[in-house]
Amino acid sequence: MLQRTFKAFQYRDFRVMFFGSCTSSVGTWMQTVAQSWLVFAISRSSFYLGLDSFLGQIPIFLFSLVGGAVADRVDRRHVLLGSQYVQMTCAFTLAVIFAAGLLQHRVWPILTLSFIVGLAQSFGGPAYSALIPSLVKNEDLPNAIALNSIQFNLARVIGPMLGGIALGVSATWCFGLNGLSFVAVIVSLYMVQTRFAPKRTGDSIIDSVKQGIHFIRGRDGMVGLIALAFLMTLLSFPLLVFLPVFAKDVFHGGPTYFTILLCSSGAGSVIGALTVASLDKLKQRGRVALMLLVVLGLLMAGFSLSRIFPLSAFLLFLSGGVLMGVFASISSLVQLITPNEMRGRVMSVYNVAFRGGMPFGSLVVGLLSVRFSAPTVLAVNGVLLSIVGLWFLFVHRRVASL
């Protein structure tokens, strides 16, 4: 059982990237805790929470297609290294300006740096998504994707716990330690050896992007998977963005309540990813993903309406596990039906959809929360998510047949 669950760890380069990325992700979540709490504490507005998330994600929506074309034309490690250096610089910059007392009653420095980090991720994201499959054999790809999800969500448990402790001292520690954490993934990138060599081509960047879009349109079920990725993050991701609102306004707690909620979601995601990794050859992966999507919407609605903190934490734990099952299943399907030479471009489109839903979902919830409460808006999001899952299950059935 354990050997099957951690099968991708037999590849040395995958292990190196796993632990390097996990360390960096821990630092990122430490900063997320401090940054989200600071934005809400300084502005006292749900709108600015949504705006910060929007500015951090919108560059991914705008530039990932170009980033994916670049990832298929040059060494993906070089693209990733550039992305990591930029993000590390932004983390240290935020640490310095907070320590200097320049963030009192000002959120615009945080918003500006969020946009720059998002710009770096718009190139690093497609390169990373395309790099991981080149570290393992094709038959072990679903397991590698699930384990890669584990490292991200394991960090979503450890990072907020450490971030909550560091935030109790000073947010400077959260930002500074995040900057240091990038050293781990940078060292990992210098150590790994990939099996993909970019082919020389006379095509322009625009032509490469067009080829990727043409491939997606011609592959059965791919358009549905891309649409699902967008709708899933559009409706579900704001739940994590607005957790400070639940912690402070609904449960009348402080950073500790926020940390507990984040850790509950992260712990559930780890369990969900481990479960997916243990399923060696899951049949009807598309149908299972859609059924889980319906359940996810119901859990979201339940969490949003709950006013009992332990129950809310438990529902968030369950939703984290189910969300990871949906994400890993959809991502595996996209990767499995994509050839390596097209993977950067296809994954860039997937990232545009998957990450593109985040800024728009967060901005819409932030705007609607000014008139309605954030819990009410997120409860409606949960119902809509279940409707999306049912529609793809019983009406548009191409994804369900994969």
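Helices here are DSSP runs of H or I with at least four residues, numbered from the N terminus. The expected span of a helix is 1.5 Å times one less than its number of residues.

This is a predicted model, in which local features need pLDDT of at least 70 and side-chain atom pairs count only at pLDDT 80 or more, while totals for chains, interfaces and linings use all residues. Residues are numbered from 1 along each chain as its sequence is written, and side-chain values use heavy atoms, with hydrogens and water left out.

Helix α14 covers residues 309-336. Its 28 residues reach 40 Å from the first C-alpha to the last, close to the 40 Å expected.

Helix α7 runs over residues 171-191. Its 21 residues should span 30 Å, and its end C-alpha atoms lie 32 Å apart, which agrees. The buried residues of α7 include Phe175, Phe182, Val185 and Ile186. What do the buried residues of α7 pack against? They pack against α2, α4 (76-99), α5 and α6 (141-169).

**The nonpolar cores**

A nonpolar core is a set of buried Ala, Val, Leu, Ile, Met, Phe, Trp, Tyr and Cys residues joined through side-chain atoms within 4.5 Å. The largest one has 110 residues. Which of its residues touch the most other members? They are Phe14 and Tyr350. Helix α2 (residues 12-43) gives this core its largest share, 13 residues. A second, separate core has six residues, among them Phe54, Ile58, Val107 and Leu111.

Tyr350 has several contacts (heavy atoms within 4.5 Å) beyond four places in sequence. Its partners are Ile226, Ala229, Phe327, Ile330, Ser331 and Val334.

| Residue | Helix | Relative accessible area | Touches |
|---|---|---|---|
| Ser265 | α12 (255-278) | 4% | Arg156, Leu240, Leu316, Gly320 |
| Thr259 | α12 | 10% | Val33, Pro160, Met161, Gly164 |
| Ser369 | α15 (343-371) | 13% | Ser46, Ala374, Val377 |
| Val377 | α16 (374-394) | 7% | Val365, Leu368, Ser369, Phe372 |

Thr259 and Gly163 are 96 residues apart along the chain. Their C-alpha atoms are separated by 8.1 Å. Val377 and Val365 are twelve residues apart along the chain, and 6.5 Å separates their C-alpha atoms. Val377 and Ser369 are in contact.

**The surface patch**

Leu62, Phe63, Val86, Phe115, Ile116 and Leu119 form a nonpolar patch on the surface. Together they have about 440 Å² of accessible area (Shrake-Rupley method with a 1.4 Å probe; for residues, only the protein chains shown count as cover). Patches are made of residues with over 30% relative accessible area and no salt bridge: like charges are joined within 9 Å, and nonpolar side chains (Val, Leu, Ile, Met, Phe, Trp, Tyr) within 5 Å.

Which helices each supply at least two residues of the nonpolar patch? They are α3 (46-71) and α5 (108-131). Helix α5 gives the most, with three residues. Phe115 sits in α5. Phe115 is partly exposed, with a relative accessible area of 32%.

**The salt bridge**

How many salt bridges does a search of the whole structure find? The search finds one. A salt bridge is a side-chain nitrogen of Lys or Arg within 4 Å of a carboxyl oxygen of Asp or Glu. Here the side chains of Arg12 and Asp13 meet, at 2.6 Å from N to O. Is Asp13 buried or exposed? Asp13 counts as buried, at 14% relative accessibility. Arg12 counts as partly exposed, at 39%.

**A positive phi**

Most residues other than glycine have a negative phi. His252 has a positive value, with phi near 55°. His252 lies in the loop between α11 (243-250) and α12. At 67% relative accessibility, His252 counts as exposed.

Technical notes. Buried < 20%, exposed > 50% of the residue type's maximum accessible area, 1.4 Å probe, protein only.
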